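Here is a short report on one protein chain and its ligands. Keep the structure open while reading.

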Amino acid sequence: MRYQSTRGAAPTLGFRDVTLTGLAADGGLYVPESWPAFSTDDIAALRGLSYVETAIRVMAPFVGEDLTEEELRALCTRAYGRFAHAAVTPLVQLDERNWLLELFHGPTLAFKDVALQLLGRFFEKFLTGTDTHLTIVGATSGDTGSAAIDAVAGRTGVDIFMLHPKGRVSDVQRRQMTTVLAPNVHNIAIEGSFDDAQALVKAMFNDPAFSARFRLSAVNSINWARLMAQVVYYFYAAVRLGAPERKVAFSVPTGNFGDVFAGYVAAKMGLPVEKLIVATNVNDILHRALSSGDYSTGTVTPTAAPSMDIQVSSNFERLLFDLAGRDGNAMAGQMRGFESSRAMRLTNAQREGAAALFASDRVEPGHMNEAMRWAASEAGNVIDPHTAIGLAAARRVDLDPAVPVVTLATAHPAKFPDAVERATGSRAPLPGRVGDLFERQERYDVLPGTYAAVTEYIAERAVPKA
Ligand SMILES: Cc1ncc(COP(=O)(O)O)c(C=O)c1O
Ligand SMILES: N[C@@H](CCOP(=O)(O)O)C(=O)O
């Protein structure tokens, strides 16, 4: 499998290099040159397989020759052996039609672990025996940071610099990052929003002088391997609910458009997906784009679902590229326009292509709270605010009632105890393995959200290219 940039001017890469690279050299994002096709027999053959075996079958075409099946099995077994549930991503039924896909049983209690536990092992595998030192630069609105840090803390050959927006993540999320004191972990709180942090990270990749000095790599969903690993749980869930004979819809709390783009990839591979529901909070650029073609940024509003307080959704570019005939030049032009004006209109091809598979919804705080209350009292399940946004959208979507709707439960409720308590009246306790989080020592630095301040900080600490 080869990977091409959405902006058409970067070299194509194989899986190993695409994993070690973040943004493409032309500023675009890497996507597979074609979507692997799974027949109904291939999908039916996934029935009864464990999560690890499902993962191997779904990811094998993307990995190509860069790992043998045995190597991939060994990496998946170690990655998913760290999950606290035997099913890795269990399905829980809420009522006749609604299901939760619990993605938060990994070490840092959010769906990011599903991909990042594996990505950390890919890095290790691909770096062993080389003298490459990776400088990972990442931006987080709360969950990617701790999952990435857990995946690489203490590993040789890697430093991680993680930017989070100061004061805009929950205390649990911040402490999950800043109490990891391994010397290769560098937490930076910046003055600004997640979008500012993400823009700084992209600017580092696009800065030829900076990227010539350090071997930069990415753990955000700009890294293709992140999305590849997330495709797996769409297959795993749908097969359990009757695929390939039965269609399934997914409701996905969405911010950077990575998780739901993984669902799009699953559908392109042949999984019978009825709809992908893009559920946003009041930072609703994706809902506006999908419902009216208007992809224009506003100010980011802090909410009780802080991980989704995002206006510039990196992976939307991957979708627009695929829907508009994979024309790298046209995509580069469209993105240049967006980067200068912070606004763009989707083309007709993009709008119509998206409408065939995607629905969208903007969920107000009151409806988010109501979904948390309903889940706790009617379905006996305490959910976090992000999952509640997905569930609120799932419960009011207009679909054939016979189609099961799976809401992706993206975080453990204990990560957001205050918001859960406000909505339901009770706090979700931290699971035992992180129970002492508030006794641990924190370490992080606060910087202005400027390119100069952040790159100077990193340059003083990172290992230059050999
Ligand atoms: C808990 C939680 N839910 C949902 C999302 C949104 O996922 P994505 O950015 O892949 O759209 C995030 C952040 O990415 C998150 O941390
Ligand atoms: N919600 C994310 C934001 C970063 O998204 P990513 O999937 O691109 O890493 C977070 O929790 O950090």
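## Around ligand 1

Ligand 1 has 17 residues around it, and those that come nearest are Asp143, Asn256, Gly258, Ser307 and Thr410. This is a predicted model. Helix α11, residues 258-268, gives the most to this shell, with three residues.

Nine of its residues are polar, six are nonpolar and two are charged.

## Around ligand 2

The shell of ligand 2 holds 13 residues. Thr140, Asp143, Thr144, Asn220 and Ser221 come nearest.

The class count for ligand 2 is twelve polar residues, one charged and no nonpolar.

## The chain as a whole

The protein chain has 19 helices and 15 strands. Its radius of gyration is 20 Å, close to the 23 Å that the globule rule gives for 466 residues, so the chain is as compact as a globular protein of that length. Along the principal axes, the C-alpha atoms fill a box of roughly 60 × 50 × 50 Å.

Of the 466 residues, 55% are buried.

## Helix α4

Helix α4 runs over residues 69-80 and has twelve residues. From first C-alpha to last, α4 reaches 16 Å, close to the 16 Å expected at 1.5 Å a residue.

Which residues of α4 are buried? They are Leu72, Leu75, Cys76, Ala79 and Tyr80. These residues cover an arc of only 115° around the axis, so they sit on the same side of α4. Their cover includes α3 (51-63) and α5 (112-127).

## Arginine 422

Arginine 422 is found in helix α18, residues 417-424. Is arginine 422 buried or partly exposed? It has 14 other C-beta atoms within 10 Å, so arginine 422 is partly exposed. A buried residue would need 20 or more, and an exposed one 12 or fewer.

Arginine 373 is 49 residues from arginine 422 in sequence. In space, the two arginines are 9.9 Å apart, C-alpha to C-alpha.

Definitions and conventions:
Residues numbered from 1 in each chain as written. Chains lettered and ligands numbered in written order. Predicted model: local features only at pLDDT ≥ 70, side-chain atom pairs only at ≥ 80, totals over all residues. Helix = DSSP H or I, 4+ residues; strand = E, 2+ residues; numbered from the N terminus. Expected span 1.5 Å × (residues − 1). Arc of directions from axis to C-beta. Contact = placed C-beta atoms within 7 Å. Rg over C-alpha atoms; globule rule 2.2 N^0.38 Å. Near = placed C-beta within 6 Å. Nonpolar A, V, L, I, M, F, W, Y, C, P; charged D, E, K, R; others polar.
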